[in-house]
Amino acid sequence: MRDTKNKTGKELSYYGLSLFSYLQENHPDRIGDTAFIEERADAAAETYSKVVKDGQTHIEAEELASNVLFQGLHFSPYNTLVHVLWNEFSDEIPEKRAKDIALKILPLCSEALDKYTLSDDFTGTSQYDELYTELTGTVEILLEDGLQ
């Protein structure tokens, strides 16, 4: 069974576990940020409690709590980089290694990422294609410099 405690030894809440699991898949570079996880989990739990106390249904409360929990996390630079590796560099990087390599090189892509306002709906914008192209170029340079 997976350890459900954070680095401080504190047991993670339902919302903490949900966020941790989401971060593992979509923002693995953030799973060590226990303060962020705890703050978001607490805010989601407070939202849920307040909404129920205000007379709304548990379904409505869960939806609003989830909005708080995952706000700003729907777009994933990490997942975008994984897709760049899968789609553009499948001959050079085996699909099974793409996630590990993406996590390794994500910090090296900050110059390209910092040019954009990465919002929850960024994937649907015209700038997404520009970022994708810049990440492809960054990976190409890293491969030329001996990344593997």
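Helices here are DSSP runs (H or I, at least four residues), numbered from the N terminus. Helix 3 is followed by glycine 72, whose phi is positive, near 80°. This is a predicted model: local features need pLDDT of at least 70, side-chain atom pairs count only at pLDDT 80 or more, and totals for chains, interfaces and linings use all residues. Residues are numbered from 1 along each chain as its sequence is written, and side-chain values use heavy atoms, with hydrogens and water left out.

**Helix 1**

- The 13 residues of helix 1 should span 18 Å at 1.5 Å a residue, and its end C-alpha atoms are 18 Å apart, which agrees. The expected span is 1.5 Å times one less than the number of residues.
- Tyr15, Gly16, Leu19, Phe20, Tyr22, Leu23 and Asn26 are the buried residues of helix 1. Buried means under 20% relative accessible area, exposed over 50%, and partly exposed in between (1.4 Å probe, protein chains only).
- Down the axis of helix 1, these buried residues fall within an arc of 165°, so they line one face of the helix. The arc is that of the directions from the helix axis to the C-beta atoms.
- Helix 2, helix 3 and helix 4 (77-88) are among what covers the buried residues of helix 1.

**Helix 3**

- Helix 3 covers residues 58-70, and its 13 residues should span 18 Å; the end C-alpha atoms are 18 Å apart, which agrees.
- Ala61, Ala65, Leu69 and Phe70 are buried in helix 3. They fall within an arc of 145° seen down the axis, so they line one face of helix 3.
- Ile59 and Glu63 are exposed on the other side of helix 3.
- The cover over the buried residues of helix 3 includes helix 1 (14-26) and helix 2 (34-53).

**Serine 76**

- Serine 76 lies in the loop between helix 3 and helix 4. Serine 76 is buried, with a relative accessible area of 5%.
- The side chain of serine 76 reaches the backbone oxygen of asparagine 26 at 2.3 Å.
- Neighbours within four places in sequence aside, serine 76 is in contact with Asn26 and His27. Contact means heavy atoms within 4.5 Å.

**Helix 7**

- Helix 7 (residues 126-144) holds threonine 136. Threonine 136 counts as buried at 18% relative accessibility.
- Leaving aside neighbours within four places in sequence, threonine 136 is in contact with Val84, Glu88 and Phe89.
- The buried residues of helix 7 include Leu131, Leu135, Val139 and Leu142.
- Helix 7 is followed by glycine 146, whose phi is positive, near 105°.

**Aromatic rings**

- The structure holds seven aromatic pairs. Rings of Phe, Tyr and Trp (its six-membered ring) pair if their centres lie within 6.5 Å; planes under 30 degrees apart count as stacked, over 60 as edge-to-face and the rest as tilted.
- Tyrosine 22 and phenylalanine 70 form a tilted pair, 4.9 Å centre to centre with 55° between the planes. This pair links distant parts of the chain, with tyrosine 22 in helix 1 and phenylalanine 70 in helix 3, 48 residues apart.
- Tyrosine 128 and tyrosine 132 have ring centres 6.3 Å apart and planes at 45°, so the pair is tilted.
- Phe75, Tyr116, Phe122, Tyr128 and Tyr132 form one aromatic cluster.

Definitions and conventions
Helix = DSSP H or I, 4+ residues; strand = E, 2+ residues; numbered from the N terminus. Polar contact = N/O pair within 3.5 Å; in protein donor to acceptor, adjacent residues only side chain to side chain.
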